[in-house]
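Reader: I have a structure to go through before setting anything up. Can you walk me through it?

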Amino acid sequence: MKIARTASIALIVGAALALGACATLQRGPVGNAAVPQPAKPVDLNRYAGLWYEIGRYENGFERGCEGVTAQYTVRDDGLVGVLNTCRQGTVDGPKKTSEGKAKIVEGSDNAKLKVSFFGPFYVGDYWVLDRADDYSWSIVGEPSGRYLWLLSRTAQPSSQTRETILNRTRALGYDLTLVRPTQH
């Protein structure tokens with residue numbers, strides 16, 4: 001009985017360390033040492049739908065991805081469905097998808113979510129730091145300042161919209177030299 005209990009504890013600790021090591025391997029430089037709180041509440045029904053990534057801080061799980069999209073759905077159980085898609089290497093490369101779910105962080109006006117792509121473990125932070133009033137663009141980050149996504153409802157936003165997103169991202173304290181443009 002004691003051996004089984006020790007083995008179970010060792011397995012749980014080992015799994016936790018492995019997950020932590022995977023997360024650590026994917027971290028990039030800090031692009032914002034003072035990530036602000038989200039600027040506006042989020043209406044999840046208006047946020048739902050297809051978003052095109054127009055730029056990001058490079059990260060391990062998206063390395064080499066082009067044509068990146070995120071599809072969000074409001075589920076009947078109160079969670080948000082997440083379907084991330086990328087094309088490996090080029091905009092015509094092989095399609096890679098990742099399906100997950102997110103739960104709303106209480107007291108965040110729906111602007112902060114915890115994301116899970118690994119069963120019941122909600123480990124990823126997803127903060128809608130700012131968005132257009134008409135939900136045509138969004139700036140997404142998380143508390144460490146290592147991850148950033150610039151999203152638009154269109155794959156090729158106008159130069160004026162792109163400039164608005166970049167100016168607002170800079171005003172939020174992000175280092176724009178770390179932004180990797182996404183090809184569509």
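Author: One term before we start: a contact means heavy atoms within 4.5 Å. Also, this is a predicted model.

Reader: Fine. What share of the contacts with a separation of 6 or more comes from residues 24 or more positions apart?

Author: Such residues account for 54% of those contacts in the protein.

Reader: How many helices and strands are there?

Author: Three helices and nine strands. Read from the N terminus, the order is α-α-β-β-β-β-β-β-β-β-α-β.

Reader: And what part of the protein is buried?

Author: Of the 184 residues, 36% are buried. The accessible surface is about 10,300 Å², with 58% of that belonging to carbon and sulfur atoms.

Reader: Now the rings. How many aromatic pairs does the structure hold?

Author: Six. One of them joins Tyr-47 and Trp-51, with 4.9 Å between centres and 35° between planes, which makes the pair tilted. Both Tyr-47 and Trp-51 are buried.

Reader: Which residues form a cluster with those two?

Author: Tyr-72 and Tyr-126 form one aromatic cluster with Tyr-47 and Trp-51.

Reader: What about Phe-61 and Tyr-147, and why does that pair count as stacked?

Author: Their planes are at 25° and their centres 6.0 Å apart. The pair is stacked because that angle is under the 30 degrees cut-off.

Reader: Is Phe-61 buried, partly exposed or exposed?

Author: Phe-61 is partly exposed, at a relative accessible area of 40%. Tyr-147 is buried, at 12%.

Reader: Switching to charges. What sits over the ring of Trp-127?

Author: The charged end of Lys-112, 4.1 Å from the ring centre.

Reader: Last topic, backbone. Which loop holds Asn-110?

Author: The one between strand 4 (95-104) and strand 5 (112-116). Phi of Asn-110 is near 65°, a positive value in a residue that is not glycine.

Key
Residues numbered from 1 in each chain as written. Predicted model: local features only at pLDDT ≥ 70, side-chain atom pairs only at ≥ 80, totals over all residues. Heavy atoms only, no water. Helix = DSSP H or I, 4+ residues; strand = E, 2+ residues; numbered from the N terminus. Phe/Tyr/Trp six-rings, centres within 6.5 Å; stacked < 30°, edge-to-face > 60°. Buried < 20%, exposed > 50% of the residue type's maximum accessible area, 1.4 Å probe, protein only. Lys NZ or Arg CZ within 6 Å of the ring centre and 35° of its normal. Areas by Shrake-Rupley, 256 points an atom, 1.4 Å probe, with all protein chains shown as cover.
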